[in-house]
Amino acid sequence: RDINNKASLLNSQKYFFYKFSKLKWKLISDFFSSEKTVEIYHIKSLDEFISLGVDKNSKIFFWGKKIDKELERYAKDNEIIINYIEDGFIRSFGLGSSLSKPLSLVFDSRGIYFDPTKQSDLEYILQNHNFTIEEKNRAKNIIELVKKLKISKYNHQFSKDIIINKENNKQKIILIPGQVDDDMSVKYGTLDMSNIKLIKKVRDARPYDYLIYKPHPDVLSGNRVGNLDYKEVLKYVNQIVTDVDIDTMINLSDEVHTMTSLSGFDALIRDKKVFTYGLPFYAGWGLTTDQMNSKRRDRELTIEELAVAVYILYPKYLNPYTKELTTPEDVISIIIKDKQKYQKDILFRYYKNILGYTLPKVRNFIKNIRGL
């Protein structure tokens, strides 16, 4: 267990983290560094949870959908606060699977944003919050900043000129962003969909348009599963693009067709038409063309209102240098400085490349050995 400020434990709270690996904890622990009177425990079972003296002032944390149902039920029955943690939407300079520390996380008390089978804090905000003029103006400024500085979730890829060989000017350019095969948003947010099924559906719907498939960066890095046979993919799409940032591809496109990818939200704030084949958090609010729907989502929103929830109200942001909670504007500034440093500083670029490529490979190798 870790204890923050051991001298102040008389009135301390107990935080319990269920099956967080040492690596996961190392990546997110700074978000709790300001909690001065907290005892932190890492647990693996309900019995262990109870044995450590839990009470109604305690909190339990799960990572996404990695939960123990018995433990979750006990916490709810005893009015113990639960938080489900996931990466935020402006995460880092570099992939999470490449061990880049997150600069934003979400702490959801109801569910989690990628699971539409039950309401999350994000959906509750979108359905019920009274958005103020000040909030919408701030969100509008953040959107302009994101567009100007080409910000997305991971920010590790760079702009590049893309050659498009359209047959005629009537052809629309349609971007199909790939997702990770075992992505939780695909598992919970679609009805038996996959990358290749999505590609085939889009081609059936748009037989004469110019389709571009962009594989997910976690798949391209080799850190996550989901590689497709490119020969098979090229039977349905006109082009596959790999080493280009999502901002470039969205701006190049007329429409984005996706299962549940965050790229759909990125496209919305860049004024593109978005078609969803699952039920991502940004669908169902009158901003997208959707194949699925939720009866809980019966409110029409503006782009600015969506961005208030997604960028301002739902996530928490961390300045990695001060270890203090901060704003999305500050995190954007930090990411831009890191991108500039990557381009100019050879040693920093070497460090990020090693971190992003070698360490995940070593980690996966060890996992495979243990699994034998």
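Reader: On what basis are the values given?

Author: This is a predicted model, in which local features need pLDDT of at least 70 and side-chain atom pairs count only at pLDDT 80 or more, while totals for chains, interfaces and linings use all residues. Residues are numbered from 1 along each chain as its sequence is written, and side-chain values use heavy atoms, with hydrogens and water left out.

Reader: What percentage of the residues of the protein count as buried?

Author: A residue is buried under 20% relative accessible area, exposed over 50% and partly exposed in between, with a 1.4 Å probe and protein chains only. The protein has 14 helices and 14 strands; helices (H or I, at least four residues) and strands (E, at least two) are DSSP runs, numbered from the N terminus. Of its 372 residues, the share that counts as buried is 51%.

Reader: Which residue in S13 does valine 106 stand opposite?

Author: Two strands pair if DSSP finds at least two bridges between them. Strand S5 (residues 81-87) pairs with S6 in the antiparallel sense over four bridges, and there glutamate 86 has valine 106 as its bridge partner. S6 also runs antiparallel to strand S13 (residues 315-319), to which three bridges join it. In S13, the residue opposite valine 106 is proline 315.

Reader: Which residues does isoleucine 142 touch, leaving aside those up to four places away in sequence?

Author: Isoleucine 142 is found in helix H5 (residues 133-149). With 1% relative accessibility, isoleucine 142 counts as buried. Contact means heavy atoms within 4.5 Å. Not counting residues up to four places away in sequence, isoleucine 142 touches Tyr311, Ile312, Pro328, Glu329 and Ile332.

Reader: What is the relative accessible area of glutamate 72?

Author: Glutamate 72 lies in helix H3 (residues 69-77). Beyond four places away in sequence, glutamate 72 touches Phe62, Ile67, Ile82, Tyr84 and Lys118. Glutamate 72 is buried, and its relative accessible area is 9%.

Reader: How many aromatic pairs does a search of the whole structure find?

Author: A pair of aromatic rings is described by the distance of the centres and the angle of the planes. Rings of Phe, Tyr and Trp (its six-membered ring) pair if their centres lie within 6.5 Å; planes under 30 degrees apart count as stacked, over 60 as edge-to-face and the rest as tilted. Across the whole structure, the number of aromatic pairs found is 25.

Reader: Why is the pair of phenylalanine 265 and tyrosine 311 described as it is, and what is that description?

Author: The ring centres of phenylalanine 265 and tyrosine 311 are 5.4 Å apart and their planes lie at 70 degrees, so the pair is edge-to-face. The pair links distant parts of the chain, 46 residues apart: phenylalanine 265 is in helix H11 (residues 263-268) and tyrosine 311 in helix H12 (residues 303-313). Phenylalanine 265 counts as buried at 1% relative accessibility, and tyrosine 311 is buried at 2%. The description asked for is edge-to-face.
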